[in-house]
Amino acid sequence: MPYADVNGQRLYYEDTSGSGPAIVFSHGLLLDGTMFSPQMMAFRERYRCIVWDERGHGKTATETLPTFSYYDSANDLDALLAFLGIESAILVGVSQGSFLSMRCALMHPERVRALVLIATQAGVDDPKTLASYRALLGAWIAGKLPDEIATTVEHIIFGPNWPGASAWKEKWRAMTAPNLLSCLDTLARRDDISDKISSIRVPTLVIHGDTDAAIPLARAQAMKAAIPNAELIVIAGGHSVNMTNPGPVNAAIKDFLERHPLVS
């Protein structure tokens, strides 16, 4: 299995290789790099596509997980790119994957050719939302993911009745309490970068599902307004719209990349 020992971490990644421009896909909370399977299939012939499992997730997860921030995750991504010999890449993130991608663009602007920000925001969650997440996680850990909690998480991340949800529920049951608690703590402690993202100067596409239960559309609209020349596409679907409605998402990304000088 391909691992990169960088930034004090052992990061699992997959790389299609090739000579095309690099796209690095960063996943959302409670997911892993496989959430981008529809995008890997769509873009691998023209681009060098890379997915990776972030701290506490997938094949990067360890038995313990010390406190970390999304700036640490951004540094993980920067180090992974250096490890792979990639000077700059197109960063595509979903939810927390975009939290770290935006921070990477702020901290390491030379690494970023473009941003695709899916189902995300520059701000922070309100206290009521965070309290509900903590209660949900507490019930998850105490009951070893009871069916009703699994269904609630499913509806937040995918929306109801998505046929691929059952496979993710099995993955969630394998996640350990230290990883779950540390990752939620990172989410809860993140800073508001709404006043910083105006310094982002690369082409930026914002994609948001019209029924996203985790992040209101207004947050995406605010982000689009703050990043110079950013574009916003609203697509039918929930929070993980790249999985549940990949066709329009892939079409929007393809059009965006082809309209900017990113393809050699």
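The model is predicted. Its largest nonpolar core has 53 residues, and the structure holds 9 aromatic pairs. Strand E3 pairs in the parallel sense with strand E4 and also with strand E5.

**Nonpolar cores**

- Leaving aside residues up to four places away in sequence, Ile207 touches a run of neighbours comprising Val116, Leu117, Ile118 and Ala119. Ile207 also touches Ile233, Ile235, Val241, Val249, Ala252 and Ile253.
- In soluble globular proteins, nonpolar side chains tend to be buried together.

**Aromatic pairs**

- Among the 9 aromatic pairs of the structure is that of Phe25 and Phe36, whose ring centres are 5.1 Å apart. The planes of these two rings stand at 40°, so the pair is classed as tilted.
- Phe25 belongs to strand E3 (residues 22-26), whereas Phe36 lies in the loop between E3 and helix H1 (37-43). The pair therefore ties together parts that are 11 residues apart in sequence.
- Both Phe25 and Phe36 are buried.
- A cluster linked by ring pairs is formed by Trp140, Phe158, Trp162, Trp168 and Trp172.

**Charges over rings**

- Arg10 is placed over the face of Tyr3, at 4.6 Å from the ring centre.
- Over the ring of Tyr71 sits the charged end of Arg103, 5.3 Å from the ring's centre.

- Because 5 of the 5 residues of E3 are buried, the strand is largely enclosed by the rest of the structure.
- With strand E4 (residues 48-52), E3 pairs in the parallel sense over 5 bridges. Ser26 has Trp52 as its bridge partner in E4.
- With strand E5 (residues 89-94), the parallel pairing of E3 runs over 4 bridges. Here Phe25, which also pairs its ring with that of Phe36, has Val92 as its bridge partner.
- E3, helix H1 and E4 together make a β-α-β unit that is right-handed.

Key
Residues are numbered from 1 along each chain as its sequence is written. This is a predicted model: local features need pLDDT of at least 70, side-chain atom pairs count only at pLDDT 80 or more; totals for chains, interfaces and linings use all residues. Side-chain values use heavy atoms; hydrogens and water are left out. A nonpolar core is a set of buried Ala, Val, Leu, Ile, Met, Phe, Trp, Tyr and Cys residues joined through side-chain atoms within 4.5 Å. Buried means under 20% relative accessible area, exposed over 50%, partly exposed in between (1.4 Å probe, protein chains only). Contact means heavy atoms within 4.5 Å. Rings of Phe, Tyr and Trp (its six-membered ring) pair if their centres lie within 6.5 Å; planes under 30 degrees apart count as stacked, over 60 as edge-to-face and the rest as tilted. Helices (H or I, at least four residues) and strands (E, at least two) are DSSP runs, numbered from the N terminus. A charge sits over a ring if NZ of Lys or CZ of Arg is within 6 Å of the ring centre and within 35 degrees of the ring normal. Two strands pair if DSSP finds at least two bridges between them. A crossover is right-handed if, with the strands pointing away from the viewer, the path from the first strand over the helix to the second runs clockwise.
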